[in-house]
Amino acid sequence: ATPRNASGTARGATRPTTMAGEATADDATFHIVLFYQYASVPPAPEGAAAAAAADGGAPADPQDVNALQAWLQQRCGELGMLGRVVLATEGINGNLASESLDNVRTFCDELQALQVFKDKPIDFKMDSSSAKPFPDLYIQIKPEICSTGHTMPKELLDKGLGGNHLKPEEFHAVLKEYWEKTKAADGADGPDEESDDKEAKKDLIVIDVRNNVEFNTGRFMAPTGEKEAVNPCTKTFSHWATDYADKAVEELKTKKVLMYCTGGIRCEKASAYLRSKGVEDVSQLSGGIHRYLEKFGADGYFKGSNFVFDSRKLQKPEGAAVVGKCSECEAPTEEVSCDRVCAVCREPVLACDACRVKTFGVYYCALHSDLKGLYEPFLERFEIDELEKQRDGLNELLSTKFKAKGRRRPISKQLRRINEWLERKTAAKEAAEAGTRAMPKRSRFASNPRCRSCGMIGPVDLLSLMGRTPSDDDLCCDGSCTGFAKANYENPKRSLDEMNDPEFGAALCTKKRKRVQKN
């Protein structure tokens, strides 16, 4: 086993000759490397960016964050690396892939050798995929390498407040000790010899530092299912400190706290934040779920699939059970797709195929479940009386239940859209009754489900489930409009105002006609 230092990263050599998770060179596959490191990377001197652009090249050993960005852009391009890297003056966070395993190894060696990461060994976690994990290369500079909303500064780590790093075997052993009954060492049926000692131990609490959809697709749980990790119920990590930690800190002070995330980066600051608040007994899973699955696969305490941030979406150990449940009927499911998002906030939602058909492709997260049937993302398909019912229901919620500004704002916007459609439909009805204009025909966008992410008809797999055949592929979502399956990193998400515009479909048809004429 590779020795580990206090931060849980490899000690000594930059990486083993063969990194855990590597596929063999004979496999026709993409090789993925996940890595991060908190390190002090100086900001660029004033005017340095312009000078570097004029020079046209990247420095061999970058000394500031802008130079590091230029170096990464150049070397990743030369080595055929795709993926995303986030840089900040606090370090680096990357997820890259290449068809060449040798190129991945070269990149890891060269990155570790840079002066900015001297004495900061990076833990390179490897995996593989038969499908292209990323569409292109995107390297950006941000305030933080993993956004906390500035609630957890790197200074917490600099003060040495980070939690105790446990190797997967050590993490597993603690769970076994607390989650499974321990009999006497000789196997006798008598009382537990360690019972008196255990009574003096703190209660264990295991915290999943990831977000809702990640927790829902897979998590640590006892074999019987009676005990499992705590879900902080956050939409993004930037909510973790204010929405969970600050509220739970007093309870956690009396517990033995274990925490985990995908690869370890979120636990670094999360553990330090808890310790800064007076929670003393805090440990984290070194290398995250990724390293744990390398060691234990489906035979450990992690059940289900590990949510990952590339086109695979899920990392599923061989033989793993499905622990995710449909948000509508609770049937087992773990599929993640661009259209399965909350109608209100676009948070990913688990939904089985049967419920996708039943709900016409409209879903709600736990926070917005009380808006079901009242907050419909696409309004053209509803009649006047249905829109009035939605309007009255939302107005009642505003007057009786929703007091927080954050909850009132989307409802107010939706009420405006409903009123606009009521005006259009009422005017059309009155004109038809007066004989001055025929009632407009129901458009394809009103007759079919639509993707909440891009507004197009579909996606096509949902249309297939409903027994419908797309009449025009150019107007349908192919299921890859968002995430790493799309053609590039440009955000295709449109606002509900744009997607509810009566001319939305007409504009798409116009673009198609121009494209046909050009060809």
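The dialogue below goes from the whole chain to single residues.

Analyst: This is a predicted model, where local features need pLDDT of at least 70, side-chain atom pairs count only at pLDDT 80 or more, and totals for chains, interfaces and linings use all residues. Residues are numbered from 1 along each chain as its sequence is written, and side-chain values use heavy atoms, with hydrogens and water left out.

User: How many helices and strands does the protein chain have?

Analyst: Helices (H or I, at least four residues) and strands (E, at least two) are DSSP runs, numbered from the N terminus. Here the protein chain has 17 helices and 13 strands.

User: How much of the protein chain counts as buried?

Analyst: Buried means under 20% relative accessible area, exposed over 50%, and partly exposed in between (1.4 Å probe, protein chains only). Of the 519 residues, 49% are buried. Asp64 is one case, at 13% relative accessibility. Asp64 sits in the loop between helix H1 (48–55) and helix H2 (65–79).

User: What does Asp64 touch, leaving out residues up to four places away in sequence?

Analyst: Contact means heavy atoms within 4.5 Å. Asp64 touches Val41, Pro42, Pro43, Ala44 and Pro45. Ala44 is 20 residues from Asp64 in sequence, yet their C-alpha atoms are 5.2 Å apart.

User: How many salt bridges are found in the whole structure?

Analyst: A salt bridge puts a side-chain nitrogen of Lys or Arg within 4 Å of a carboxyl oxygen of Asp or Glu. The search finds 31. Take Glu144 and Lys269, with closest N and O atoms 3.3 Å apart. The pair links distant parts of the chain, 125 residues apart: Glu144 is in the loop between strand S5 (137–141) and helix H4 (155–158), Lys269 in helix H9 (residues 265–276). Glu144 is buried at 8%, and Lys269 at 1%.

User: Which residue pairs with Glu214 in a salt bridge?

Analyst: Arg266, with closest N and O atoms 2.8 Å apart. Glu214 lies in helix H7 (residues 212–217) and Arg266 in helix H9, so the pair ties together parts 52 residues apart in sequence. Both Glu214 and Arg266 are buried.

User: Where do negative charges gather on the surface?

Analyst: A charge patch joins like charges within 9 Å, using residues with over 30% relative accessible area and no salt bridge. Asp and Glu count as negative. Glu383, Asp385, Glu386 and Glu388 form such a patch. Glu386 is in helix H12 (residues 384–400) and is partly exposed at 35%.

Key. Patches are made of residues with over 30% relative accessible area and no salt bridge: like charges are joined within 9 Å, nonpolar side chains (Val, Leu, Ile, Met, Phe, Trp, Tyr) within 5 Å. Accessible areas come from the Shrake-Rupley method with a 1.4 Å probe; for residues, only the protein chains shown count as cover. The place of a charge is taken as NZ of Lys, CZ of Arg, CG of Asp or CD of Glu.
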